[in-house]
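Take a look at the sequence and the structure below.

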Amino acid sequence: MKKQWWHEKVAYQIYPKSFKDTNGDGIGDLRGIISKLDYLKDLGIDIIWISPCYKSPFADQGYDISDYYNIDPVFGNMSDMEELIAEAKKRDMYILMDLVVNHCSDEHEWFQKALADPDGEHGKYFYIEECKDGKLPCNWRAYFGGSVWEQIPGTDKYYFHAFHKKQPDLNWENPVVREKIYEMMNWWLDKGLAGFRIDAIINIKKVLPFKDYPADREDGLCDIGYMLAEAEGVHEFLQEMAEKTFRPHQAFSVGEVFNAKEDELGAFIGDKGCFSSMFDFSQTICGHSLKGWYDSDDITPDEYKNCCFTSQRQAGKVGFLSNIIENHDESRGVSRYIPRGDQSEISKKLLATAYFMLKGLPFIYQGQEIGMENLKLDSIDCINDINTLDEYQVALDAGLSPEEAIKTVNRFSRDNARTPFQWSAEENAGFTTGKPWLFVNPNYTEINVNEQLGRKESVLNHYKKLIMLRKNKEYKDTIVYGEVVPVMADVQNLMAYYRMGEKQTLLVLANFQKEERTVTLEMPYKRVLLDNYGQEQWYDNITDKKNILLKEYQAVILEM
Ligand code: GLC
Ligand code: CA
């Protein structure tokens with residue numbers, strides 16, 4: 001694997017609406033991000049991915065872009081963006097924007113022109129079809145519910161949307177559309193962006209002509225995944241994109257790739273792959289049911305571990321994954337991967353250690369570094385997210401009571417990760433002086449940055465230690481490039497792996513349970529590099545250098 005400038009970095013995702021508001025309108029903004037660059041620098045962050053801040057009607061919180069060349073006024077303006085890029089540069093930090101080009105907003109000029117003249121030039125920017133014998137072109141279900149087809153008012157024509165009806169899919173088969181997209185990407189890269197996170201990219205290639213798959217719910221529709229599994233040729237588009245945009249700029253790119261087949265990894269992230277990296281979503285999708293959130297399972301520590309190890313083995317020498325425990329589309333990692341009821345600062349620090357030490361580029365999602373948790377709502381009323389509203393309805397339709405359905409929402413809602421960032425115990429968690437656009441998680445009085453900054457053993461300081469270790473000259477090479485070798489993989493609730501580098505071997509041990517246990521090592525350790533209980537207590541625990549007593553949710557990193 002060729003070494004790249006970004007391999008040894010640490011990345012952070014900002015959801016701009018909920019990060020920091022500076023003008024009291026209750027919505028986070030670019031000036032808010034600028035004001036917190038020093039906080040992020042101090043944490044050890046190098047690369048910042050900002051979820052969409054382009055002009056948008058916000059049907060899907062900015063993932064519906066109506067003008068790729070402008071900043072939405074709720075976030076600020078282009079000179080704020082330029083200032084943000086410049087201020088980041090001053091601090092040796094890199095800005096990534098979100099590239100949302102599977103679809104745009106129905107309020108984008110292109111789509112407005114397509115509506116006005118579906119048979120004209122702009123009609124070909126989208127997928128517009130007629131019914132045949134009174135039947136829609138296919139029976140695929142949109143990600144946010146209902147058919148992927150929406151009628152164009154006053155006509156017998158329908159347009160395709162894989163997500164919401166306000167997110168019409170762009171027709172990637174049309175070379176003019178592709179050129180327009182590359183032009184826009186280069187315009188941003190020329191402004192000094194370091195690269196992009198690439199949204200929903202796998203959806204750009206459709207199986208054509210459109211056709212039905214067997215229905216999988218009572219609505220007579222089918223999951224769009226059947227089509228994605230069959231679609232071929234996405235890599236031709238993506239190689240073209242890389243050739244015309246990323247490569248000439250040496251830009252960093254990280255793909256949101258679900259549904260990748262193992263033999264495709266090289267095409268995505270190998271030395272000649274289209275992207276620098278892609279997210280590992282194997283744990284994210286574990287337990288998910290095609291029927292919907294209500295039917296989805298919790299994930300056990302052993303399932304979590306196996307997902308991580310499988311991805312690590314597959315990516316192996318091929319390329320560099322990006323590792324996460326949460327993002328703006330998921331519930332909070334500490335609520336999902338730590339068994340229910342066991343959430344504590346200790347277990348949160350264990351989870352942090354377990355994923356952060358894997359091979360790849362670690363991403364931290366805003367609030368993860370202080371251990372922000374899921375919601376405990378008892379009604380759907382304050383939910384904003386369209387995906388959640390759909391899944392709530394799916395649960396009700398399946399016969400769940402509102403009380404049961406809301407439990408599903410609390411487990412999986414995207415709003416879990418979208419509530420305002422918890423800066424302090426002040427009103428509105430110090431996020432805004434106005435009324436926040438989305439309610440604040442009531443636990444902000446206990447879980448907030450201010451409280452954790454000065455406290456040595458806080459979750460926040462644990463993340464700092466993990467980042468410092470990753471950047472420590474002595475260990476950097478092993479942590480960035482060392483091979484991941486699972487150990488004691490069949491011991492229940494124990495996640496253990498070596499990182500084998502040229503200079504040394506490290507061992508990560510995570511006791512993923514309440515019960516303490518003694519682990520016998522294959523060789524004695526030399527040094528404890530990190531311990532989620534704090535070094536001092538650790539030394540009380542040891543009997544010798546080969547047998548280690550691990551307490552409740554204890555995680556240690558040892559040099560062997
Ligand atoms: C991606 C985004 C998600 C969005 C969807 C449609 O999955 O992460 O937030 O709703 O694409 O753009
Ligand atoms: Ca604001």
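What follows is a short tour of the ligand site, the backbone and some loops.

This is a predicted model, so local features need pLDDT of at least 70 and side-chain atom pairs count only at pLDDT 80 or more, while totals for chains, interfaces and linings use all residues. Residues are numbered from 1 along each chain as its sequence is written, chains are lettered from A and ligands numbered from 1 in the order in which they are written, and side-chain values use heavy atoms, with hydrogens and water left out.

Start with ligand 1. Which residues come nearest to ligand 1? There are 14 residues around the ligand, and D60, D199, E256, H328 and D329 come nearest. A residue counts as near a molecule or strand if one of its heavy atoms lies within 4 Å of it. Sort this shell by class and you get 7 charged, 4 nonpolar and 3 polar residues. Here Asp, Glu, Lys and Arg count as charged; Ala, Val, Leu, Ile, Met, Phe, Trp, Tyr, Cys and Pro count as nonpolar; the others, Gly among them, count as polar.

Now look at single atoms. A side-chain N or O atom of D329 is 2.4 Å from an oxygen atom of ligand 1. For D199, the distance from a side-chain N or O atom to a ligand oxygen is 2.9 Å. R414 has a polar side-chain atom 3.0 Å from an oxygen atom of ligand 1. A polar contact is a pair of N or O atoms within 3.5 Å; within protein, one must be able to donate a hydrogen and the other to accept it, and residues adjacent in sequence count only if both atoms are side-chain atoms. On its own, ligand 1 has 300 Å² of accessible area, and the protein covers 95% of it. Such areas come from the Shrake-Rupley method with a 1.4 Å probe; for residues, only the protein chains shown count as cover.

Next, the backbone. Most residues other than glycine have a negative phi, and most peptide bonds are trans. The bond from L208 to P209 is cis, with omega near -5°. P209 lies in the loop between β9 (195-198) and α6 (225-230). Helices (H or I, at least four residues) and strands (E, at least two) are DSSP runs, numbered from the N terminus. A200 lies in the loop between β9 and α6 too. A200 is not a glycine, but its phi is positive, near 45°. Is A200 buried or exposed? A200 is buried, because its relative accessible area is 6%. Buried means under 20%, exposed over 50%, and partly exposed in between (1.4 Å probe, protein chains only).

M488 also has a positive phi, about 45°, and is not a glycine. Find M488 in the loop between β14 (483-486) and β15 (494-500). M488 is partly exposed, at 28% relative accessible area.

W140 lies between β6 (128-130) and β7 (149-151). W140 is buried, with a relative accessible area of 0%. W140 and Y226 are 86 residues apart in sequence, and their C-alpha atoms are 8.8 Å apart. Y63 is in the loop between β3 (54-55) and β4 (67-71). Y63 counts as buried, at 4% relative accessibility. Y63 and L99 are 36 residues apart along the chain, with 9.1 Å between their C-alpha atoms. G360 lies in the loop between α12 (345-356) and β13 (361-365). G360 is buried, at 2%.
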